[in-house]
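Please consult the sequence and the structure shown below while reading.

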Amino acid sequence: MLFPPVVMTASHSDSLVVLFGATAGAYGAKLGSDERELILLVWQVVDLPSKKVGTLHKSLVKADNLELSDQCREVSGLTPEGLGKAEPLDRVLQQFSQLVSSDLKVLGRSSYTLCSDGQLLIRQVLHPETSKKNFLLSDCFYSFYDLRKEFHTCYPSSAAVKDQTIKTMAEYLGLGTDETEEDFGVWQVKTMVAIIFSMLSESCNHIFTEPETVKYKYETGPCSKSETVDSETVIRARGLPWQSSDQDIARFFKGLNIAKGGVALCLNAQGRRNGEALVRFVNSEQRDLALERHKHHMGSRYIEVYKATGEEFLKIAGGTSNEVAQFLSKENQVIIRMRGLPFTATQEDVLGFLGPECPVTGGKEGLLFVKYPDGRPTGDAFVLFSCEEYAQNALKKHKEILGKRYIELFRSTAAEVQQVLNRYMSTPLIPTLPTPIIPVIPPPYTIATGSARDCVRLRGLPYTAGIDDILEFMGDATGDIKPHGVHMVLNQQGRPSGDAFIQMKSADKAFMVAQKCHKKMMKDRYVEVFQCSGEEMNFVLMGGTLNRSGLSPPPCLSPPAYAAFQTAAAVIPAEAALYQPQALLPATRTPQATAAAPPAVTYYPAQAAQLYMNYTAYYPSPPVSPTTVGYIAAPPGAVAAAATATHTPILPQPGALVRMQGLPYNTGMKEILSFFQGYQYAPDDYNGLIQLSDQARSVLQAPKEWVCL
């Protein structure tokens with residue numbers, strides 16, 4: 001890849017060093033976009049007051065990968081054999097500094113500043129490559145003049161900055177443009193020097209006064225939601241290693257100027273990093289250069305870079321908490337996140353855990369505990385350290401024990417602090433369900449059993465597939481489906497499992513569907529279709545497996561219980577259909593529907609209700625008729641009417657069922673009730689929805705302000 005010439009000048013612009021370079025890959029506007037290494041440097045010192053020049057130097061650079069692109073071979077005339085005899089980049093840069101100092105001494109100067117015909121050589125090649133090879137550039141590479149911008153300032157009627165090249169600038173001034181007269185790189189440097197002398201002539205009298213700068217390091221800092229963020233300055237980086245810190249991301253974009261506090265690592269719903277980050281640059285020019293690093297590598301991973309918006313950045317990085325703002329007000333601090341703290345842990349406990357070898361900035365003021373809106377601890381905390389050494393000492397304590405728990409420690413960012421606090425402080429502890437829904441189809445819904453093979457199983461469905469997609473997939477066989485005979489299968493998290501069961505009107509119809517639709521395409525996936533019985537369908541819905549090797553019983557059932565279960569039918573009570581969360585199944589596309597089809601709530605047969613259920617069991621969704629609307633939104637009066645008609649207890653409006661996962665095995669009723677202290681309980685009618693022991697019922701019916709189901 002070819003590098004544009006670069007000029008180095010003194011702080012008062014008395015001396016310039018014109019520098020030109022090439023890489024083993026792309027040339028021109030795409031310089032540096034393919035991560036290819038530097039293979040050529042050409043430079044010359046220019047004394048501005050006397051308009052004298054030093055010796056012109058040309059140096060080949062030995063790259064780690066000597067393979068050259070066709071464009072590079074054609075334009076530069078270089079060969080792998082010639083490059084194999086050259087010095088590596090670090091040695092060439094040392095020689096560069098020595099020769100420049102020698103030339104400046106001859107001219108009676110001591111300092112200089114860089115200048116190039118664009119941003120690419122400095123920002124997109126030298127800084128990224130030296131960062132990857134773990135050696136530092138000298139200070140002169142952090143300040144330079146962009147000759148294109150200087151030329152446009154001097155000659156406003158010339159082409160736009162982004163359209164300028166050395167050749168177009170020379171043509172504008174009427175200079176010679178025959179590149180074949182000199183060696184590759186030599187013509188470019190000599191032409192740049194001629195352009196500079198033209199700009200210094202009496203007719204122009206141009207002065208180099210405002211160099212471009214490259215930030216030495218990324219600056220952390222808070223971001224307020226009230227700030228205005230220009231969408232033309234934000235990108236989204238995707239595919240990051242999960243342990244990446246803001247400093248790692250800043251290193252990936254080395255050479256480009258990131259705004260203060262401009263790296264925001266994105267978290268998933270569980271509060272863990274999801275491999276994405278939003279990065280805010282100081283201006284749109286820097287953002288456009290960042291987009292050229294699409295699919296550049298961080299270690300062995302390539303990183304995707306896309307445009308993003310200021311609104312997205314503020315959503316992740318912005319905060320409103322005064323406590324967080326005060327915590328982050330200390331600048332240039334290293335932030336460490338602690339996760340898994342005992343809920344009883346105090347500031348003294350955390351400081352004692354970290355020890356004297358990693359002192360916290362400001363002592364207790366350098367600790368920020370993350371809490372729920374009611375003040376209960378979440379087990380997370382953020383800690384400030386004044387230097388990298390203290391932070392490294394703290395990270396060595398990763399997974400050490402505090403109390404009876406091991407503690408996880410990770411590098412963090414100001415944006416992550418805001419994001420975690422925003423999530424915990426804005427999310428209600430127990431969200432209430434929307435308006436109840438009532439079934440149009442008559443309850444109760446019974447999933448058929450028996451050995452007749454009048455059902456089919458669809459396996460490998462796209463996760464976005466809904467009931468209508470299945471009906472379209474079935475084609476003419478849709479008319480042979482029993483009323484309410486389509487059963488979507490959801491996993492424990494309430495997401496589609498890729499399976500569905502369909503009850504056909506006869507075993508012959510099921511056989512024909514299996515023959516006709518097996519491995520037929522639905523969207524971009526082929527779907528397997530197997531004939532099965534209602535008995536087999538129930539086993540799978542209970543967590544068993546069904547494959548070509550036969551049936552495997554649900555792991556939660558012992559062999560005797562499994563035998564007893566074979567004749568049981570899974571029944572979904574009418575009252576249960578009224579209160580199922582709505583977010584798990586795709587909305588039906590039937591015109592008459594006014595609400596999405598509800599998701600699955602598991603209601604196992606009475607024989608199995610008191611068994612320890614397999615935590616990987618499938619959750620059957622409500623049966624859906626291929627010809628009727630499954631559910632409609634219920635007006636408040638309809639709920640009471642439905643309750644009267646079926647003579648079953650109904651949850652009051654509003655109400656919610658809460659399912660708790662991850663409880664300690666020794667948790668008792670009192671611990672659960674204590675956990676929900678402060679929340680309004682449901683009336684005794686709740687008891688009709690679940691089976692309760694006499695002891696549990698006595699606890700629930702006692703006078704209280706709250707209750708847990």
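Glu-528 touches Arg-457, Leu-458, Arg-459, His-518 and Lys-519, when residues up to four places away in sequence are not counted; contact here means heavy atoms within 4.5 Å. The model is a predicted one, in which local features need pLDDT of at least 70, side-chain atom pairs count only at pLDDT 80 or more, and totals for chains, interfaces and linings use all residues. Residues are numbered from 1 along each chain as its sequence is written, and side-chain values use heavy atoms, with hydrogens and water left out.

Glu-528 belongs to strand β27 (residues 525–532). Helices (H or I, at least four residues) and strands (E, at least two) are DSSP runs, numbered from the N terminus.

Cys-223 lies in strand β9 (residues 223–224). Beyond its neighbours within four places in sequence, Cys-223 is in contact with Phe-313, Leu-314, Ala-317, Gly-318, Gly-319 and Gln-418. Cys-223 and Gln-418 are 195 residues apart along the chain, and their C-alpha atoms are separated by 8.3 Å.

Two further residues are found in loops. Asn-205 is in the loop between α7 (186–199) and β8 (212–213), and its phi is near 55°, a positive value in a residue other than glycine. Lys-399 is in the loop between α13 (388–395) and β19 (400–402); phi of Lys-399, also not a glycine, is positive, near 70°.

The table concerns accessibility: buried means under 20% relative accessible area, exposed over 50%, and partly exposed in between (1.4 Å probe, protein chains only).

| Residue | Relative accessibility and class |
|---|---|
| Cys-223 | 5%, buried |
| Glu-528 | 17%, buried |
| Lys-399 | 48%, partly exposed |
| Asn-205 | 53%, exposed |
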